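Welcome! Take a moment to turn the structure around before reading on.

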Amino acid sequence: MKYAYTILYVENVENTIAFYENAFGFQKKFMTPEADYGELISGGTTIAFASHGLGKSNFKKGYKVSSLNEKPFGIELVFTTESIETDFKRAIDVGAIEYEPILEKPWGQKVGYLRDINGFLIEVCTPIKE
């Protein structure tokens, strides 16, 4: 077994891909011709986005839609960086919303939390020093 994908269901896949490219420097890996599914080049695990229309066809029982008007889900995407202050600000400048400011943890790691344009939580942090 291998963890391969995280797929987030969103209103607009193209806009979401563009946000992650501009906010975090990821590059688009794949997009369907219908623009209802897209992937980012993001390392060992692929971050992907699918439209709510595709979600409705996949999940007959439905699902809870992420919204900036509601509290975020208790799950997050985590991106590590050595340039946390610069990268955190760049994400905000292109549409992310600060959820919790950058703080230094007792073990020396810096961590801040954002919400993306769909309301999903993103942790931006420095790598944990061993």
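One cavity of 30 Å³ or more is found in this structure, which is a predicted model.

The largest cavity holds about 30 Å³ of space. Its lining is made by Lys64, Val65, Ser66, Ser67, Glu70, Lys71, Pro72 and Phe73. Sorted by class, this lining has three nonpolar, two polar and three charged residues.

The largest pocket has about 330 Å³ of space. It is lined by 21 residues, and the closest to its centre are Thr6, Ile7, Leu8, Ile75 and Phe120. Which strand gives the most to the lining of the largest pocket? That is S1, with four residues. Strand S1 (5-10) and strand S5 (76-80) each bring at least two residues to this lining. By class, the pocket lining has 13 nonpolar, six polar and two charged residues.

Here are the two spaces side by side.

| Space | Volume | Lining by class |
|---|---|---|
| Largest cavity | about 30 Å³ | three nonpolar, two polar, three charged residues |
| Largest pocket | about 330 Å³ | 13 nonpolar, six polar, two charged residues |

**The sheet with S1 at one edge**

Now for the strands. S1, S4, S3 and S2 form, in that order, an open sheet of four strands with mixed pairing. S1 and S2 are the edge strands and have a single partner strand each, so one side of each is left without a neighbour in the sheet. From one strand to the next, the twist averages 25°.

Look closely at S2 and S3 in this sheet. Strand S2 (residues 27-31) pairs with strand S3 (residues 37-41) in the antiparallel sense, over four bridges. What stands opposite glutamine 27 in S3? The residue there is isoleucine 41. Likewise, methionine 31 has glycine 38 of S3 opposite. S2 and S3 make a hairpin, with five residues between them. In the turn, alanine 35 has a positive phi of about 60°.

S6 runs antiparallel to strand S7 (residues 110-115), and five bridges join them. One of these pairs joins glutamate 98 to its bridge partner in S7, leucine 114.

**Where two helices meet**

H3 also has a helix to pack with. Helix H1 (residues 13-24) and helix H3 (residues 84-93) pack at an angle of about 145°, and their axes are 8 Å apart. The crossing of H1 past H3 is right-handed. Which residues make the contact? H1 brings Phe19, Asn22, Ala23 and Phe24, while H3 brings Asp87, Arg90 and Ala91. Counted by class, the contact of H1 with H3 has four nonpolar, one polar and two charged residues.

Technical notes: Residues are numbered from 1 along each chain as its sequence is written. This is a predicted model: local features need pLDDT of at least 70, side-chain atom pairs count only at pLDDT 80 or more; totals for chains, interfaces and linings use all residues. Side-chain values use heavy atoms; hydrogens and water are left out. On a 1 Å grid over the protein atoms alone, a cavity is a set of points where a 1.4 Å probe fits but cannot get out, and a pocket is an open set with protein on both sides within 12 Å along at least five of seven lines; lining residues have an atom within 4 Å of a point. Grid points are joined across faces, edges and corners, and a volume is the space filled by probe spheres set on the points. Ala, Val, Leu, Ile, Met, Phe, Trp, Tyr, Cys and Pro count as nonpolar, Asp, Glu, Lys and Arg as charged, and the others, Gly among them, as polar. Axes are lines fitted to C-alpha atoms, for helices over the stretch in contact, and angles run from 0 to 180 degrees between N-to-C directions. A crossing is left-handed if the near helix is turned anticlockwise from the far one by less than a right angle, and right-handed if clockwise. Contact means heavy atoms within 4.5 Å. Two strands pair if DSSP finds at least two bridges between them.
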